[in-house]
Amino acid sequence: MRSRGVARLAAVTAAVGLAVVAGGVSAAGAAAAQETPQNRGGATATLGGLRTFDQAVVRDNGSSQQVPAGLFEMTVEGGGTLQTYCVDILNPTQKDAKYEETPWSGTSLSANRDAGKIRWILQHSYPQVDDLAALARKAGVRSLTAQTAAAGTQVAIWRYSDHAKVEAVDPSAEKLADHLFRSARGSAEPKASLTLDPPAASGRAGERLGPVTVRTDADSVTVTPPADTASGVKVVGGNGKAVKSARDGSRLYFDVPKDAPDGSAALSVQASTTVPVGRAFTSETRSQTQILAGSSESTVSAAATAHWAAEGALPALAAEKDCAKSGVDITATNKGDEPFTFRLMGHRHTIKAGASRTVTIPLQEDQPYDFTIQGPNGFEKRFKGVLDCRTEGAVITNKAQPVAEPSPASEGGTVDGGDLAETGSSSNTPLIAGIAVGFVVLGGAAVFFLRKKDDATDASTED
């Protein structure tokens, strides 16, 4: 773990002050844009805290620190409960942080060759294996409680997720961790609980735009059509008939009337299902990345948009974090009869008529981003978030954006008193939260100044 001196904390505090001041000129930049989340669908949940845990010791460079280790609980929007373990020991948890189901490619698991072993551990230990007597026999110990089983499982996961030198304090929990670590085998990433692919479509009025394919492990999903019924846009299946429900593999279309004025619409799908064990969950508030250990019947959802116009370019845009490339992939499809050109981060990108292209926007670790892409006929899409691809403390070379480096103790609360299960964060949480807010504001300011620079010069690079 890296040391955090008084001078560094003073520098962080000064930077936060600068960020807040800078943010004042950027707030209106993309206020009118339709914000598009980077998650492709699934469960959205709020962190409730560390509920079932015991203690562990993390060792580094001759020093050691005791930390709580175990299961977190999350409450799913729309109904349901999730149990998760942490795969990001050096970062803090933020109380009541909002989490979204995320593919491994958008997390630190993307570059981790042991990610499949973590899923194996989840499938072969508590709470998936709730027969604690049987689990104890496999670990070669007399008995395990829910608390020590959770701690041993978390320790084994940290050894693969963070490659940390960590041991459980309880001897039985430590033997369980050793057993799981030695026994783990590779396992494939689980599929998302619910997605729509692609999440955006475009075309001409009078056509069926799509298809948008449903991908889910639920038996069926409920389809909610566009809210603006006056436009006459309907959601139909391949046979042209309106649909109210669908299942895995169903192909959905936006049926746009021929006389509909240029515009856009959105559909959503929702289902109740158990989220697959091993799905990752991330938060834009710089709260620890989590991995799913158990799920009740929970509400999952996904959305897709469509854009149409009588003539010209017809863009459809989607974005997804790509940790392998350290950036955000912007996928642009143009079904119009003219090229679609947009400018982003000092570069001009052109998508030819009838073509599709993915552009990777490189970012630094922990860098907030706020992109607004504009097109013809009032088309506008906004993508925002934070790139969080590493388990270590963030590394940002830009001196205007220093990052706090929390200790593992922040993982479940303070270890020298207080209710760990209820706090779910460290005593440094207010400072860390303030820094996170500062980063978001500063990121918006950076985008503002980039736009102003683009408007003032045509010297950008042609891709």
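Predicted model: local features only at pLDDT ≥ 70, side-chain atom pairs only at ≥ 80, totals over all residues.
Residues are numbered from 1 along each chain as its sequence is written, and side-chain values use heavy atoms, with hydrogens and water left out. Local features need pLDDT of at least 70 and side-chain atom pairs count only at pLDDT 80 or more, while totals for chains, interfaces and linings use all residues.

One of the salt bridges joins Lys98 and Glu77, at 3.6 Å from N to O. Lys98 belongs to strand β5 (residues 98-102) and Glu77 to the loop between β3 (63-76) and β4 (81-86), so the pair ties together parts that are 21 residues apart in sequence; strands are DSSP runs of E, at least two residues, numbered from the N terminus. Lys98 is partly exposed at 43% relative accessible area, as is Glu77 at 42% (buried means under 20%, exposed over 50%, partly exposed in between, with a 1.4 Å probe and protein chains only).

In another salt bridge, Lys321 meets Glu284 at 2.9 Å, N to O. This pair links distant parts of the chain, with Lys321 in strand β18 (residues 315-322) and Glu284 in the loop between β15 (280-282) and β16 (290-295), 37 residues apart. Lys321 is buried, at 11%, whereas Glu284 is partly exposed, at 32%.

Glu101, Glu189 and Arg279 are linked in a network of salt bridges.

Note on methods: Salt bridge = Lys/Arg side-chain N within 4 Å of Asp/Glu carboxyl O. Helix = DSSP H or I, 4+ residues; strand = E, 2+ residues; numbered from the N terminus.
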